[in-house]
Amino acid sequence: MCSVSSVGFSDNYLIRHLKNKVHNLVYTTVGNGQTVLPSFPIAMTFIKSGQTWQFATESNLEEVVWRYLPELMNLKPVSRQFCISGKFCDIIAVDNFNRLVIVELKNTEDRYVVQQLVRYYEAIATAETFPFDVDVASPRLVALAPSFHADSFTDCKHSRLEVELMTFSLESSSSGISLLMRDAAGHDLCTLPLQKDEDVSRPEIQISEPPRKLLNWLSDSSDIEHE
C-alpha cells in the first residue's frame with residue numbers, strides 16, 4: 001500500500017569505513033534560517049550540476065535528516081546504520097504510536113529502494129531478537145530521494161506494507177542553500193536552511209561514495225569474508 005506522506009588505507013580499514021558509510025564533511029554549515037528548527041553546526045559538501053545542487057555524499061543527507069528527524073518527519077530517532085542480518089538500515093525511528101519506522105535515504109534516484117525497505121523489514125520481523133521496544137507488527141517504510149523511478153511506484157502500489165515516498169531538493173538563494181522536502185504528490189512539507197561557511201577548508205583526502213555493487217557485496221557477505 002503506497003501512501004503520500006503529509007508530514008593508502010588497508011583493506012580491512014576500507015571495508016569498515018564503507019560499511020559504516022563514514023565520509024569527510026566539509027564546506028557548509030546548517031543554520032537556523034527562517035524556520036523554528038534548532039541550529040546544529042553540521043559541515044558538509046555540496047555539488048552543483050548545471051543549475052541543480054545536491055549533497056556530495058549520501059552521508060551528508062543522512063546527517064541532516066538524523067539531526068532534524070522530529071521536525072522533518074515527526075519521528076523519534078532510535079538508531080542509524082543499524083545492522084541486522086548483514087543489512088544496514090539508514091535510520092530506525094518510531095512514530096507517535098510507537099510504530100517501527102524504517103527510513104531509507106537516497107542521494108540519487110534508485111528504482112530498487114522499495115524492495116530494499118521490504119528486505120530490511122523482513123530481516124527485522126524474522127529476527128529472534130530486536131533491541132528496541134517498538135511495535136514491529138505495523139511498520140512504516142519511508143524512502144527519501146530526489147526523485148523516484150516508475151518502478152518504485154509500481155512496487156509501492158502492490159506492497160502490503162505501508163510505504164511512504166518523499167522527495168527532496170536543494171534550493172539556492174541569496175541567503176544560501178535550503179533543503180526542501182515534498183510528498184510524492186509534490187506538496188511542500190518542510191524547508192530547512194543550510195548556511196554556507198567559507199571558513200571551513202577541504203581535507204586533503206576525500207573518499208567518494210562506494211559503488212552499489214560493493215555495498216551490496218558488503219551487505220550480503222559475512223564477517224569472515226571481510227577479514
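Select E71. E71 is partly exposed, with a relative accessible area of 36%. On this tour, buried means under 20% relative accessible area, exposed means over 50%, and partly exposed lies in between (1.4 Å probe, protein chains only). E71 sits in helix α3. Helices (H or I, at least four residues) and strands (E, at least two) are DSSP runs, numbered from the N terminus.

Before you move on, note that this is a predicted model: local features need pLDDT of at least 70, side-chain atom pairs count only at pLDDT 80 or more, and totals for chains, interfaces and linings use all residues. Residues are numbered from 1 along each chain as its sequence is written, and side-chain values use heavy atoms, with hydrogens and water left out.

How many residues apart in sequence are E71 and C190? They are 119 residues apart, yet 8.4 Å apart in space, C-alpha to C-alpha.

**Helix α2**

Go to N60, in helix α2. N60 counts as buried because its relative accessibility is 1%. Show the side chain of T57 as well. The side chains of N60 and T57 make a polar contact at 3.1 Å. A polar contact is a pair of N or O atoms within 3.5 Å; within protein, one must be able to donate a hydrogen and the other to accept it, and residues adjacent in sequence count only if both atoms are side-chain atoms.

Next, select E62 and R80. They form a salt bridge, with the closest N and O atoms 3.1 Å apart. E62 belongs to helix α2 (residues 58-67) and R80 to strand β6 (residues 76-84), so look for distant parts of the chain, 18 residues apart. A salt bridge is a side-chain nitrogen of Lys or Arg within 4 Å of a carboxyl oxygen of Asp or Glu. Is E62 buried or exposed? E62 is buried, at 5% relative accessible area. R80 is partly exposed, at 28%.

The structure holds 12 salt bridges. Select R111 and D151 for another: the closest N and O atoms are 2.4 Å apart. R111 lies in the loop between β8 (99-105) and α4 (113-125), and D151 in helix α5 (residues 150-157), so the pair ties together parts 40 residues apart in sequence. R111 is partly exposed, at 34%. D151 is partly exposed too, at 28%.

Now pick R140 and E164. Their salt bridge has its closest N and O atoms 2.6 Å apart. R140 is in strand β9 (residues 135-145) and E164 in strand β10 (residues 162-173), so this pair ties together parts 24 residues apart in sequence. Both residues are buried.

**The cores**

Select F55, V65, M73, L144 and L179. These have the most contacts inside the largest nonpolar core, which has 27 residues. A nonpolar core is a set of buried Ala, Val, Leu, Ile, Met, Phe, Trp, Tyr and Cys residues joined through side-chain atoms within 4.5 Å. Helix α2 gives the largest share of this core, 4 residues. Another core, of 25 residues, lies apart from it; I84, I92, V134 and A145 are among its members.

**Last stop: α4**

Select helix α4. Its buried residues are V113, V114, Q116, L117, Y120, Y121, A123 and I124.
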